[in-house]
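Student: I have a structure open on my screen and I'd like to learn how to read it. Could you take me through it feature by feature?

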Amino acid sequence: MNNYLETLKNKLTEVDYKKLCAIENPKVHEFIAKASDLCHAEKIFICSDDPKDIDHIRKQAILSGEEKDSLKIKGHTVHFDGTEDQGRDRKATKYLVPRGTTFSKALNQIDRQEGLHEVKGLLMDSMKNRTMIVRFISLGPPNSVFTILGLQCTDSWYVAHAEDLLYRSGYKVFCQAEPNREFLRVLHSAGKLDKNMTSIEDDKKAIYVDFMDSTIYSVNTQYAGNSVGFKKLAFRLAIRKANYEGWLAEHMMLMGVYGPGGRKTYFSGAFPSACGKTSTAMLPGETILGDDIAYIRDIGSVARAVNVESGIFGIIKDVNPEDDVSIHKVLNSPGEIIFSNILVKDGTPYWIGMGEETPKDGLNFSGEWYQGKKDSNGKEIPLAHKNARYAVTLKALKNCDPEIDNPMGVEVSGIMYGGRDAKAYVPVQQSFNWSHGIISYGASLETETTFATIGKEGVPEINIMSIQDFISIPLGQNVCNNIEFGKRLKKAPIVFGVNYFLRNKEGEFLNSVQDKHVWIKWMELRVHGEAGAIRAPTGFLPKYDDLQKLFNRILNKEYSKEDYIKQFTIRVPENLAKIERVQRFYQENVVDTPIELFEILDQQRKRLIEARDKFGEYISPEKFEW
Ligand code: SPV
Ligand code: MN
């Protein structure tokens, strides 16, 4: 028995002490002992993933008041986050950077010693009179080449419960692992709480990522994106590990798409938060493996991917019975679901855009809510937060793919990148080759900020591969890693660019929410060489006839030539302006941009200018057809 175990003994029950002894890794004991010492936890609960332990967590989440079981449907609970903790907090999230290390300017950072001092000061005594819950998690299927182990200490029963719905259990894996097995560590405290059990010290939020020690500290936070360490926080560490080991950790959904004859082709897709990633992964009639984070490895010279998670922390806004058939059904059926930041009235949850009449009062993240209620700045509080969410296990969905736990992952044949781009990119296009796709669609991904992060909405920004917030290595290195990864493969996935948010001059969207299903089916055909394409300056465009057939078959809709031309017109000035912005971003922020990025952007610029000289500024796709 080591000293750390000894010091932990008086805070553990006999049973829990035994659970901890079954793990041989002394680093596990050390982390828990140091965390408990710093935070002064009164007791420690070790979750062995046994159904009894899970049930205890669920009950405590309700008993403590962090979740309310006032919803009518069995298994449904609701949790509220503080008014200032309703999305990922970019400002409060910082990398701890040791002296002498330079990071890209675009990354939020703080000197490591200074940051550790600050965050440990904030965590000190935070768990007095509280229980510290210890959870063990397997990121990716256990016992596979993809597996990364994680350990979280938290004083939030809600966080511990959410982790149960969102991640694969890892206690057994820790027990069986070698004593020197690496693992990621997370220490979280919700900090001071009000009577509604929401964190109140918003001005003292700190979410610090210490890659030197594979540790994440989060304090005075509850919103899952800030507190559930295995979501975007561990992801930052995984990107680093992937960088050293030669694989990719991506902000990507993973789905199976059916093609002719019932064949299934797997796609992954990167979209910034609230840009259609989850709804794409959940398209009716196709299969879902994951909606947020994927690890991708070169196995046998093809790209194979797993979902890092096993559940969905999805945006509930606009989920309605027409557009989101499968998840709508789940949200209205018995089974375990944690709703967050919705409105509750008479045991029923309500949210924005649900396609039903909503009540004029109820309970929401602001407390007792009534229509017209204002916040301290005089702004009207909506019935539910735009970033209200649900947490549910993927297996609750009927179309969850049977390969979800395959330790070898699934072969990815196509990758798509999509942002919120009102002006430039067409709804779907295929890159000329791997590097062109990675640079023109991935590394050039531009989007508008959304409600999923705290701060102003609608601000245009570059969001490299939709992981800019999470890249914990020099940004240029990340672009380089992507290029190199595909070049090494015998059969690299085909790269597509999508844009669900293209608008006309009047500001109206040119596509409906369902149209993405047609784009996905077109990509599936392209992967198998079964649809034609038009070579435009920015990539291969779909042909009208193919889309017309697909619109008819998939959506039972007439698709007019006029709509096609509006959507697939190459807008030269907007595309050139985009290239300028992307180029400037890299020149100003990224010291290690690979030269290939500038070359590929230059070539694209040249193609656009040549086309403009020949056909004008706005070019119908038909002009490129011959
Ligand atoms: C996102 O914002 O990209 C999410 C939700 O997937 S979270 O990262 O948990 O905030
Ligand atoms: Mn996400």
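Student: Let's start with the metal: which residues are the protein donors of the manganese ion (ligand 2)?

Tutor: Before that, a word on the source. This is a predicted model, where local features need pLDDT of at least 70, side-chain atom pairs count only at pLDDT 80 or more, and totals for chains, interfaces and linings use all residues. Residues are numbered from 1 along each chain as its sequence is written, chains are lettered from A and ligands numbered from 1 in the order in which they are written, and side-chain values use heavy atoms, with hydrogens and water left out.

Tutor: Now the metal. Donors are N, O and S atoms within 2.8 Å of the metal (3.2 Å for Na, K and Ca), and sites may look incomplete because water is not among the atoms. Here they are Lys-232 (NZ), His-251 (NE2) and Asp-292 (OD), lying 2.1 to 2.3 Å from the manganese ion (ligand 2).

Student: How are those donor residues spaced in sequence?

Tutor: The pattern reads K-x18-H-x40-D. Lys-232 sits in helix α9 (residues 232–245) and Asp-292 in the loop between β15 (287–290) and β16 (294–299), so the pair ties together parts that are 60 residues apart in sequence. Helices (H or I, at least four residues) and strands (E, at least two) are DSSP runs, numbered from the N terminus.

Student: Are Lys-232 and Asp-292 buried or exposed?

Tutor: Buried means under 20% relative accessible area, exposed over 50%, and partly exposed in between (1.4 Å probe, protein chains only). Both Lys-232 and Asp-292 are buried.

Student: What share of the 626 residues is buried?

Tutor: Buried residues make up 61% of them. As for the overall build, the protein has 18 helices and 33 strands. The radius of gyration is taken over C-alpha atoms, and the globule rule is 2.2 Å times the number of residues to the power 0.38. For 626 residues a compact globule would come out near 25 Å, and the protein has 24 Å, which agrees.

Student: What does Tyr-95 touch, leaving aside its neighbours within four places in sequence?

Tutor: Contact means heavy atoms within 4.5 Å. Tyr-95 is in strand β4 (residues 93–97), and its contacts include Phe-103, Leu-107, Val-209, Arg-236 and Phe-470. Tyr-95 is buried, with a relative accessible area of 3%.

Student: And which residues does Lys-379 touch, not counting those up to four places away in sequence?

Tutor: Those are Lys-373 and Lys-374. Lys-379 lies in the loop between β23 (367–370) and β24 (389–393), and it is exposed, with a relative accessible area of 58%.

Student: What about backbone angles: which residue other than glycine has a positive phi near 50°?

Tutor: The general idea is that most residues other than glycine have a negative phi. Met-465 has a positive one, near 50°. Met-465 lies in the loop between β28 (460–462) and α13 (475–488) and counts as buried, at 0% relative accessibility.

Tutor: His-40 is another case, with a positive phi of about 55° although it is not a glycine. Its place is the loop between α3 (26–39) and β1 (43–46), and at 41% relative accessibility His-40 counts as partly exposed.
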